[in-house]
Amino acid sequence: MIAKREIRNYIQSTKVWAGKYRNSHNLLHWHYDCELIYVDNGSIDVNCEKRTHRLKQGDALFVDSGQVHFQRARDRETVLTLIIFDYGIVKPYLGDVRLLSPKLSGDYEIPAAYAKLRSILLGKQEFYGAEAASEVLRLMVRIFRGEPLTSRRETDTSKTFKRLLEDVSENCSDYTFDGAAAFMNMSDAYFSRYFHAATGITFSQYLNFARTMQAVKLLHAGEDLITDVSEKCGFGTVRNFNRIFKELTGYTPKTLPADFTLDEKFLYPSEESFNPTLYDCELIESVD
């Protein structure tokens, strides 16, 4: 559960992507693109900016640029329609406002908009990127006209939290709960509640995951001494290292398969691209 900023790779010169996922789960992440989620079938919990929204068939939610979020399908047959687009498409028209709530209260005919976008993106006629952007803008104008709005300004706390997540993932061996709370300038109790509300897990669980991912990387790189790996990753004792490593990977450090990955795709630095979708999700339709 290493939180990173996702960078979307669009097709050629387009700034829009559309597709469908079955059984969508993903890890805590954010991106400067915008993401529109529509539930075709089933139900899903989407946590956006520390609040969980339960969506059922026909519901929709808009993740604005920069918002920290993750999602968990409530059954394996849940199918989502996703429309992801560059924030620059809508930025000139939104000013300093955003939606008061990510979950949409109105019906904006998102399936029809998706079908049209899919046709445009797959057709690849001349200027199709501009046409797709225009369709997205029309859809978002309807949504922003129909939903309650509030100020777009990002709080200092939100900015600091993103920096903390990045820093923990890069320097997990040096971090403690007290150090993270101090980084956020929060009391221990308040930080504990804030972190769990934002991520769905405790800080200890997040830190153990980050350290285990680093340990897997070191073992694959040829680090043979378990004591060295344990120390470099900040586990404190070899006994603690072995216990946590086995819990999260299913293997001991000595029996780890050479081709084992622990969501390694979430380790890429922010400047690189990664896909936050978990392995048990299924992309069932795409414009790629």
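By a salt bridge I mean a side-chain nitrogen of Lys or Arg within 4 Å of a carboxyl oxygen of Asp or Glu. Please keep in mind that this is a predicted model, where local features need pLDDT of at least 70 and side-chain atom pairs count only at pLDDT 80 or more, while totals for chains, interfaces and linings use all residues. Residues are numbered from 1 along each chain as its sequence is written, and side-chain values use heavy atoms, with hydrogens and water left out.

Searching the whole structure gives 13 salt bridges, including one between Arg152 and Asp64, at 2.8 Å from N to O. That pair connects distant parts of the chain, 88 residues apart, with Arg152 in the loop between β11 (149–151) and α4 (156–170) and Asp64 in the loop between β7 (60–63) and β8; helices (H or I, at least four residues) and strands (E, at least two) are DSSP runs, numbered from the N terminus. Both Arg152 and Asp64 are buried, where buried means under 20% relative accessible area, exposed over 50%, and partly exposed in between, with a 1.4 Å probe and protein chains only.

Arg74 and Asp45 also form a salt bridge, at 3.3 Å from N to O, and here Arg74 is partly exposed at 43% relative accessible area, whereas Asp45 is buried at 16%.

Finally, Arg138 and Glu135 meet at 2.5 Å, N to O, and because they lie 3 residues apart in helix α3 (residues 128–146), about one helical turn separates them.
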